[in-house]
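My notes follow the display.

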Amino acid sequence: MNEWALTKLSYGVYVVTTWADGGKPTGCTANSAMQVTAIPATIAVSINHDNFTNECIKNTGRFAINILGENSKPLTIGTFGFRSGRDFDKFSEKPMLKDFMPIIDDAVAYVTCKVINSMESETHTVFLGEVTDCDILNNDDNPMTYAYYHNVIKGKSPKTAPTYIEEK
């Protein structure tokens, strides 16, 4: 089996945010998010069981998807993708709030959701969220695809990514 065929699926690059205990914003970089219905608008997002964000979404029942653009700072992806919110404050500044959810200023658009269902796989939780708010923050930037992240930025995937493939 050639697992690299799976990299031909279309993905974006997102930062999924929510709240930790004590009102602390947290989040993680994700690449598996999609709209699954139009009415009501429903989004699915896949978060690894080991990610602090997974635990926090389960506790709050809410999340936001921050859609990154091709001009988003690589530091944003690194901060949210390669450090844990359990022991590191990923928000150096107070985040914007939209629908009471933390939104990063580096996003081209955001979508806030309330969890309406979830499904467990061996390594990830797929959260289904009904859209409660969404807006475009920057019309001058194209959404970043996962292919762009790998081919242009030369980014790597952490082992917790649903699309991680071990180099051989």
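These entries go from the sheet to its hairpin and then to the helices.

I noted that the model is predicted. I looked up the strand order and found an open sheet of seven strands, β2-β1-β5-β8-β9-β4-β3, with antiparallel pairing. I checked the edges: β2 (24-30) and β3 (33-38) each pair on one side only. From one strand to the next, I read an average twist of 35°.

I followed β3 to its partner β4 (residues 41-48). The two run antiparallel and are joined by five bridges. I picked out Thr37, whose bridge partner in β4 is Thr42.

**Helices on the sheet.** I listed what helix α1 (residues 52-60) touches: β1 (14-20), β2, β4, β5 (62-68), β8 (107-120) and β9 (124-136). Its direction makes about 55° with that of β1. Helix α2 (residues 74-81) also packs on the sheet, and I logged contacts with β1, β2 and β5. The direction of α2 makes about 105° with that of β2.

**Strand β1.** Is β1 mostly covered or mostly open? I found it mostly covered, with six of its seven residues buried. On one pairing, seven bridges link β1 to β2 in the antiparallel sense. There I found Trp19 with Pro25 of β2 as its bridge partner. I then looked at the β1-β2 hairpin, which has three residues between the strands. Gly22 sits in that turn with a positive phi of about 80°. For the pairing of β1 with β5, I recorded four bridges, again antiparallel. Val15 stands opposite Asn66 in β5.

Technical notes:
Residues numbered from 1 in each chain as written. Predicted model: local features only at pLDDT ≥ 70, side-chain atom pairs only at ≥ 80, totals over all residues. Heavy atoms only, no water. Pairing = 2+ DSSP bridges. Axes fitted to C-alpha atoms, helices over the stretch in contact; angles between N-to-C directions. Contact = heavy atoms within 4.5 Å. Buried < 20%, exposed > 50% of the residue type's maximum accessible area, 1.4 Å probe, protein only.
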